[in-house]
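Here is a short report on one protein chain. Read it with the structure open.

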Amino acid sequence: MRQWVLTFAVVDFDLDLGPIVQAVYPPVYLSTSESENIAFSAFPDSLQFDQGTEVHSFRIRDGPKRPEPLDGFMYGFSYFSQKRDCGSKRGYRQSSLVLLTYHQYPAFFTSVISKLGPLFHNHGITMLETACHNVANWQSPSSGSTLELGFLGSVLHVELPTSTDSQQLIETASFGRGFDPTEHLLASSVPLYPPPINLFEASLSHLWSVWECLMLCEPLLVYGPSPSMTSQAVWWLRDLIRPIPLAADVRPYFTIHDRDHALLVNKSPPKVGLIIGVTNPFFAKSCTHWPHVLSVGRKMRQGATVVTGPCAGWTTKTHRRYISKDRQLLKRLEKACASSTSDRMQASLELRRHFCSRTNAVLVPLNRYLNTLIPSPAERNTTLGLRRLKPFSTAEFFLSLRSSPSALPFKSPSKQREFYEKWLRTPAFGLWLARQEEVVQDALRQKI
């Protein structure tokens, strides 16, 4: 079972202590600080509704005394429930069921906890035992595989990514033309319901600036009225830069109780590439020195209730766009926002394709130049036996870029050069280049 899921945590609200982990099943060691971190991350940190449920996800630093995690972090997927309870001093009961895992599979595990959560709250531990039994019988997760996994009387059709940084697109999915977002899951992609475009309606015209900031590893504060909205937004943003490796910390839902709070949110400039999703208005005051804030949500309608925190929209202190936006796409997106759920879903998919295409287009001139650094057969057969990429030269790359510019609609040649100069200085470029060197070395070894 632990190849997929580490454990499930049951979190309740205690009047004296706040959220606490009441039980974990199956049993697993959690330190006191980890339990507190999970408990506070499992709950919204502001009142969401009188009665209802919501699903969100979070990422916290992993602790000791367990097998080494894939990236040093644990991922939580929480089903939160609030019901009226006359027997409680607060007048209602709050609880969460949290799936804990080491895998970055937001679409997949959001679906799993969404199925299990209501059944557990209605029927108790029996459903949790059944779920664990189902998961224990799943095939081992294998990169790039397509699986049919039985779960609580249904079958989950899921495609796993070939790597953490590979893109999973509907157009290239193993499900083919028969892809149905209500039935098929691309594990590492963002949950598709509600349509992600809802999150960015107030910032549609600025999404090209947001994407550039992501590419250039600029820190980004994502503010929203609920954890479900911030976590969906942060996963969506992270997905847009694939296949470029993640070079910084991302937190889909981050609270003031997180043990990394003082490390990530302080008076110093925010860490390079850091993306955190928050709902507490406290962050609007403590992060005033952050250069970029994306407040998610739909446009404010007349007569709508004013919420605390930043109004939905995009604010930047430093960024000026390098690349022109696609105005025809923008018109279609704006039209879709006033249309049906189905239209908004299709617009969300088109928007994702557009930015994934732009990310890959950024890499085209770099891949073209890297091909000139692969040693020829003659060089590989010398006494030196050169079997790795030749050193990357920034000057030679820009000569290559001048003769074969990027296909992206940069505003000017100088803007193109400035963009690439900045990107070559990011930690993301360093990781990407290291991965390319590994790929070339492996390929050359096989030719020995």
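## Basis of the model

Helices (H or I, at least four residues) and strands (E, at least two) are DSSP runs, numbered from the N terminus. The model is predicted.

Cys217 sits in the loop between H4 and strand S9 (220-223). Its phi is positive, about 60°, although Cys217 is not a glycine. Leu152 is another non-glycine residue with a positive phi, here about 50°. Leu152 belongs to the loop between strand S6 (146-151) and S7.

Two peptide bonds to proline also deserve a look. Tyr193 and Pro194 are joined by a cis peptide bond with omega about -5°. Pro194 lies in the loop between S8 and helix H4 (207-215). Arg242 and Pro243 are likewise linked by a cis peptide bond, with omega about 15°. The loop between H5 and strand S10 (250-251) holds Pro243.

## The largest pocket

The volume of the largest pocket is about 630 Å³. It is lined by 33 residues, and the closest to its centre are Thr110, Ser111, Pro191, Leu192 and Tyr193.

H2 gives the largest share, six residues. By class, the lining has 18 nonpolar, 13 polar and two charged residues.

## Cavities

How many cavities of 30 Å³ or more does the structure hold? There are three. The largest cavity has a volume of about 120 Å³. Its lining counts 14 residues, and those nearest its centre are Leu214, Cys217, Ile241, Leu246 and Gly273. Cys217 is the residue with the positive phi of about 60°. By class, the lining of the largest cavity has twelve nonpolar residues, one polar and one charged.

## H2 against H3

H2 also packs on another helix. The axes of H2 and helix H3 (residues 125-136) come within 6 Å and cross at roughly 140°. That angle makes H2 oblique to H3. On the H2 side, the contact uses Leu116, Leu119, Phe120 and His123. On the H3 side, it uses Ile125, Thr126, Met127, Leu128 and Ala131. Seven of these residues are nonpolar, two are polar and none is charged.

## H9 and its two partners

Helix H9 (residues 341-371) and helix H13 (residues 427-446) have axes that come within 12 Å and cross at roughly 40°. H9 is therefore oblique to H13. The crossing is right-handed. H9 brings Leu363, Leu366, Asn367 and Leu370 to the contact, and H13 brings Phe429, Trp432, Leu433 and Gln436. The contact of H9 with H13 has six nonpolar residues, two polar and no charged.

How do H9 and helix H12 (residues 413-423) cross, and at roughly what angle? Their axes come within 12 Å and cross at roughly 85°. Angles of 65 to 115 degrees count as roughly perpendicular, so H9 and H12 are roughly perpendicular to each other. Ala361, Val362, Leu363, Pro365 and Leu366 of H9 meet Phe419, Tyr420 and Trp423 of H12. The residues of this contact are eight nonpolar, no polar and no charged. Leu363 and Leu366 of H9 take part in the contact with H13 and in the contact with H12.

Note on methods:
Residues numbered from 1 in each chain as written. Predicted model: local features only at pLDDT ≥ 70, side-chain atom pairs only at ≥ 80, totals over all residues. Heavy atoms only, no water. Axes fitted to C-alpha atoms, helices over the stretch in contact; angles between N-to-C directions. Parallel < 35°, antiparallel > 145°, perpendicular 65-115°, else oblique. Left-handed = near helix turned anticlockwise from the far one by under 90°. Contact = heavy atoms within 4.5 Å. Nonpolar A, V, L, I, M, F, W, Y, C, P; charged D, E, K, R; others polar. 1 Å grid on protein atoms, 1.4 Å probe; cavity = no way out; pocket = protein on both sides within 12 Å on 5 of 7 lines; lining within 4 Å. Points joined across faces, edges and corners; volume = space filled by probe spheres on them.
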